[in-house]
Amino acid sequence: MDKTLILYYSLEKNTEKIASHLAKELNVDIERITPVKDIKPKGFSKYLTGGFQASFKVKPKLNPIQKNLDQYSNVIIGTPVWAGTISPSIYSLLEKGLIKDKNIAFFYTFKGGDKKTRDIIRKSVSKYNKLISIHSCLSVDQDFDNQKDKALNWAKDLLNDNK
Ligand SMILES: Cc1cc2nc3c(=O)[nH]c(=O)nc-3n(C[C@H](O)[C@H](O)[C@H](O)COP(=O)(O)O)c2cc1C
């Protein structure tokens, strides 16, 4: 694979923990995607606000990405699942064409409700980019050690396949 970048959104750190582990072990660049106005990670209101935003396909305005995307042909994108779909910030990234013409390997963290998530990822990624693979990480908060190893094996296989 050519130069690889990890881009991720995370509200409660699960996706961040996986993304950081991959970046460290694979020795690749990493950047967190942030909306200009994010929801609060504490309390129940996050489920209402986040669930609403995700369900209604809100595309929040993002803070500018600091990395020069032209330098990367391969991007690993990570997101939590919200209301069965991808987080609004990653939806913005993909659907507004803020990232284009990349090979995308996509992972998501979730708690067990991902029935339509893969179809949504396929559709959103392929709008402006090429989807290479999807990987899911179940209950990272309770099963981090196992999930981080599985995610790393997945990513390593991809890097080897595309050498
Ligand atoms: C607003 C909101 C909606 C969620 N919806 C789902 C869901 O539909 N299915 C699911 O399996 N998990 C759902 N979850 C759980 C998260 O996907 C899971 O905890 C994830 O690992 C959080 O990632 P993060 O820590 O990087 O933010 C939801 C969490 C939040 C905050």
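The lining of the largest pocket splits into nine nonpolar, nine polar and five charged residues. For that sorting, Ala, Val, Leu, Ile, Met, Phe, Trp, Tyr, Cys and Pro count as nonpolar, Asp, Glu, Lys and Arg as charged, and the others, Gly among them, as polar. The structure is a predicted model, in which local features need pLDDT of at least 70 and side-chain atom pairs count only at pLDDT 80 or more, while totals for chains, interfaces and linings use all residues. Residues are numbered from 1 along each chain as its sequence is written, and side-chain values use heavy atoms, with hydrogens and water left out.

Rolling a probe the size of a water molecule over the atoms shows where empty space is left. Here, the largest pocket has a volume of about 470 Å³. Glu 12, Tyr 47, Val 81, Trp 82 and Lys 111 are the closest to its centre, out of 23 lining residues. (A pocket is an open set of points on a 1 Å grid over the protein atoms alone where a 1.4 Å probe fits, with protein on both sides within 12 Å along at least five of seven lines; lining residues have an atom within 4 Å of a point. Points are joined across faces, edges and corners, and the volume is the space filled by probe spheres set on them.) Helix 1 (14–26), helix 2, strand 3 (74–82), strand 5 (103–110) and helix 5 (140–161) each give two or more residues to the lining, and the largest share, four residues, comes from helix 2. Helices (H or I, at least four residues) and strands (E, at least two) are DSSP runs, numbered from the N terminus.

Buried means under 20% relative accessible area, exposed over 50% and partly exposed in between, with a 1.4 Å probe and protein chains only. Leaving aside residues up to four places away in sequence, Lys 46 touches Leu 11, Glu 12, Ile 39, Lys 40, Pro 41 and Gly 51, where contact means heavy atoms within 4.5 Å. Gln 53 also belongs to helix 2 (residues 45–55), and Gln 53 is buried at 19%.

Asp 145, in helix 5, is exposed at 52% relative accessibility. Between Asp 145 and Ser 87 there are 24 Å in space, C-alpha to C-alpha, and the two are 58 residues apart in sequence.
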